[in-house]
Amino acid sequence: MKISKKTNPYLESTADRYVSKDKPVYSLSTSVDIQYVWENNRPTSEIKDYRLWFAQEGLPPFAVKFYTEPVAPKFLAKVNFEKLAGLEMKSNVFFQADRVMEVK
């Protein structure tokens with residue numbers, strides 16, 4: 001029996017199990033990390049996505065990817081996400097969001 005591949009395994013409910021909405025999330029990145037598409041074991045000039053790093057009390061630092069270039073919040077700024085979603089793969093959790101906003 002083969003397992004059918006899910007079309008969108010990133011779910012907001014998965015992110016909610018790991019990142020608490022009751023505790024603040026802080027920005028750790030000072031600049032945006034650009035991820036490039038790779039072909040033949042070499043990076044191309046095509047951008048795949050963008051990543052920023054964050055921290056929350058009780059969690060190890062975690063990266064969130066964005067498909068449009070985000071504005072990096074200030075270091076240790078308190079932030080909120082628009083549509084934060086998570087993907088569980090083996091023993092790892094990966095996150096993506098539509099947008100990150102500084103909380104004033």
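**Charged pairs, a buried lysine and a nonpolar patch**

E88 has a relative accessible area of 40% and is therefore partly exposed. In this predicted model, E88 forms a salt bridge with R17, their closest N and O atoms lying 2.7 Å apart. Because E88 sits in strand β6 (residues 85-89) and R17 in helix α1 (residues 12-18), the pair ties together parts that are 71 residues apart in sequence. R17 itself is exposed, with a relative accessible area of 52%.

A search of the whole structure finds four salt bridges, and among them is that of E82 with R99, where the closest N and O atoms are 3.9 Å apart. This pair links distant parts of the chain, with E82 in strand β5 (residues 78-82) and R99 in strand β8 (residues 99-102), 17 residues apart. E82 is partly exposed at 34% relative accessibility, and R99 is partly exposed at 44%. The side chains of K21 and D16 also meet in a salt bridge, at 3.6 Å from N to O.

K65, in strand β4 (residues 62-66), is buried yet has no salt bridge, for the nearest side chain of opposite charge, D49, is 4.1 Å away, whereas the cut-off for a salt bridge is 4 Å. The side chain of K65 instead makes polar contacts with the side chains of Y10, at 3.5 Å, and Y67, at 3.1 Å.

On the surface, I34, Y36, W38 and I47 form a nonpolar patch with about 400 Å² of accessible area together, and strand β2 (residues 33-39) contributes the largest share, three residues. I34 lies in strand β2 and counts as partly exposed at 34% relative accessibility.

Terms used:
Residues numbered from 1 in each chain as written. Predicted model: local features only at pLDDT ≥ 70, side-chain atom pairs only at ≥ 80, totals over all residues. Heavy atoms only, no water. Helix = DSSP H or I, 4+ residues; strand = E, 2+ residues; numbered from the N terminus. Buried < 20%, exposed > 50% of the residue type's maximum accessible area, 1.4 Å probe, protein only. Lys, Arg positive; Asp, Glu negative; His and termini not counted. Polar contact = N/O pair within 3.5 Å; in protein donor to acceptor, adjacent residues only side chain to side chain. Patch = residues over 30% accessible without salt bridge, like charges linked within 9 Å, V, L, I, M, F, W, Y side chains within 5 Å. Areas by Shrake-Rupley, 256 points an atom, 1.4 Å probe, with all protein chains shown as cover.
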